[in-house]
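Open the model in your viewer and keep the selection tool at hand. This tour goes from a helix to a ligand.

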Amino acid sequence: MSASPALYDLAPAVLTVDLDALARNYHTLAAVSGRPVHPVVKADSYGLGAAACARRLIAEGARTFFVARAAEGVALRSALGPEAIIYVLDGCHGDVIADLKAADLRPVVNQPGQLQAWTAANGGAWGLQIDTGMNRLGFRPENAPDPSEGLTLVMSHLACADEPQSPMNRRQRDTFAGIADRYPDTPKSFANSGGCFLGDDFGFDAVRPGVCLYGGGPEGRPDPRIAAVATFSAEVVQVRDVPVGETVGYSCGFKPDRPTRIATVAAGYADGVLRSYTGRGSGQVWLNDGLRPIVGRVSMDVIAVDVTDAPDTAVGDRAELFGANRPLDDAATAAGTISYELITSITPRVPRRYLG
Ligand SMILES: *Cc1c(COP(=O)(O)O)cnc(C)c1O
């Protein structure tokens with residue numbers, strides 16, 4: 001951002017990241033799983049800022065991280081220095097091998113061509129992804145390569161970890177356990193956030209959580225064991241009374257049936273307020289000590305909030321779109337999506353502020 005620091009401080013919409021809460025979630029996941037935690041910091045730590053989050057996680061004891069893209073790995077390497085171990089889940093398609101090597105990144109190799117290319121390039125350390133049923137990335141078990149030079153991690157990924165009752169979880173675990181025996185000398189990683197809570201035999205050697213570090217519940221709803229990390233808040237910039245017969249916002253999207261006080265809050269879809277709140281009737285923000293409905297259409301820069309029941313709401317008050325008072329998972333459900341999408345949707349226009 002090129003705005004002056006003072007102007008940046010005045011930004012009406014802000015994403016506050018509580019690094020102490022991140023640290024608490026890290027230790028909770030380590031305790032619940034009984035395993036070392038290898039944080040997933042892809043997509044800029046799910047939108048919260050990978051450099052700041054990973055630095056704090058290193059201070060808490062983490063050493064190994066996962067990103068999705070090679071470019072994310074390159075950026076993380078320059079933020080963290082040479083000590084961190086960084087795996088790239090995308091693997092290595094030909095074009096990125098030189099960059100992976102230059103930044104000492106480890107591809108999670110997911111198909112034979114990648115393994116050949118990495119070996120031919122003398123790539124060095126690498127991870128191996130086995131597909132145990134998700135049919136997304138990785139070698140099918142029957143095609144899994146023999147252990148070879150540089151292999152430092154064997155991993156797989158759960159399709160239904162957020163549904164503890166799903167028989168798919170055990171099926172995948174057993175498939176992975178079977179294949180793991182072929183790599184007795186290599187550490188194994190299986191569990192994402194939800195997997196950390198599925199029981200000891202899902203832990204293998206290290207767990208690989210993402211969303212629970214950042215405050216999302218393991219089952220898509222708020223979980224008392226997981227602390228809120230991200231708070232997305234925005235300022236009230238106008239309050240007005242709308243008489244019956246008038247309408248609010250684009251396409252006259254809200255027609256009050258009682259005299260209504262509307263607070264205009266300075267966050268819209270260009271900040272990451274999903275437009276899918278529109279028309280669902282379930283969008284709410286925490287404002288003036290209560291949950292208040294988002295009404296009418298989400299527009300680019302603002303939303304309208306019905307504060308008739310909190311009539312002293314004033315310009316300068318802050319509305320919380322998610323955070324400790326409006327759980328991330330509840331906000332996501334109200335928008336018809338999941339916590340992951342909600343936090344990764346906060347746009348670059350919104351400054352990140354770090355606490356702790
Ligand atoms: C994103 C991802 C994770 C982390 O998943 P969460 O559900 O956020 O904990 C772990 N492993 C792989 C392969 C992933 O793609």
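Buried here means under 20% relative accessible area, exposed over 50%, and partly exposed in between, with a 1.4 Å probe and protein chains only. This is a predicted model: local features need pLDDT of at least 70, side-chain atom pairs count only at pLDDT 80 or more, and totals for chains, interfaces and linings use all residues. Numbering starts from 1 along each chain as its sequence is written, and side-chain values use heavy atoms, leaving out hydrogens and water.

Select residues 19-33. This is helix α2, with 15 residues. Helices are DSSP runs of H or I, at least four residues, and strands are runs of E, at least two, numbered from the N terminus.

Which residues of α2 are buried? Colour Leu19, Ala21, Leu22, Ala23, Asn25, Tyr26, Leu29 and Ser33. Now show what covers them: the cover includes β1 (13-18), α4 (50-59), α9 (193-196) and β14 (352-355).

Go to the ends of α2. Asp18 caps the N-terminal end, with a side-chain oxygen 3.0 Å from the backbone nitrogen of Asp20. Just after the helix, Gly34 has a positive phi of about 65 degrees.

A polar side-chain atom of Lys42 lies 2.7 Å from a ligand oxygen. For Ser193, a side-chain N or O atom is 2.5 Å from an oxygen atom of the ligand. A polar side-chain atom of Arg208 lies 3.0 Å from a ligand nitrogen.

Note on methods. The expected span of a helix is 1.5 Å times one less than its number of residues. Contact means heavy atoms within 4.5 Å. A polar contact is a pair of N or O atoms within 3.5 Å; within protein, one must be able to donate a hydrogen and the other to accept it, and residues adjacent in sequence count only if both atoms are side-chain atoms.
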